[in-house]
Amino acid sequence: MQFELEKGKTFRGLIDESQKGLYYKHLRIVISNMADNGRALVVPISTVHSKTQLYDKSCILLKGEHSFLTEERSYAFYARAEALSQRDLDELARHNKLIVY
């Protein structure tokens with residue numbers, strides 16, 4: 001099954017080998033349609049912890065708003081957004097490094 005890079009889709013996947021398991025930890029949401037350059041914007045979702053002082057409060061997600069969200073509050077980590085191509089995700093899937101929701 002191919003994961004289509006479309007606005008609103010969610011996944012986890014190891015994008016940067018140097019980050020080891022970090023990318024498996026964070027849910028990612030496709031937040032734009034595919035641009036003319038063949039890429040779409042993808043933003044990671046991160047948990048608001050009691051020690052988290054600085055985070056973007058413009059997009060707070062609550063526990064249960066997505067099946068992967070099990071903590072009370074999470075946020076869209078826009079500072080870590082990436083422009084990914086369908087080819088990037090196909091490559092992850094081919095190497096079994098893509099978890100689709």
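**Entry 1: the fold.** I looked up the secondary structure and found two helices and seven strands in the protein chain. I noted that helices (H or I, at least four residues) and strands (E, at least two) are DSSP runs, numbered from the N terminus. Reading along the sequence, I get the pattern β-α-β-β-β-β-β-α-β.

**Entry 2: ground rules.** This is a predicted model, where local features need pLDDT of at least 70, side-chain atom pairs count only at pLDDT 80 or more, and totals for chains, interfaces and linings use all residues. Residues are numbered from 1 along each chain as its sequence is written, and side-chain values use heavy atoms, with hydrogens and water left out.

**Entry 3: burial.** I checked the 101 residues of the protein chain, and 34% count as buried. Buried means under 20% relative accessible area, exposed over 50%, and partly exposed in between (1.4 Å probe, protein chains only). Next I picked Ile31, which sits in the loop between strand S2 (28-30) and strand S3 (39-47). Ile31 is partly exposed, as its relative accessible area is 32%.

**Entry 4: the largest pocket.** I wrote down a space of about 240 Å³ for the largest pocket. A pocket is an open set of points on a 1 Å grid over the protein atoms alone where a 1.4 Å probe fits, with protein on both sides within 12 Å along at least five of seven lines; lining residues have an atom within 4 Å of a point. The volume is the space filled by probe spheres set on the points, which are joined across faces, edges and corners. Among the lining residues I spotted Lys25, His26, Phe68 and Glu71. S3 gives the largest share of this lining, three residues.
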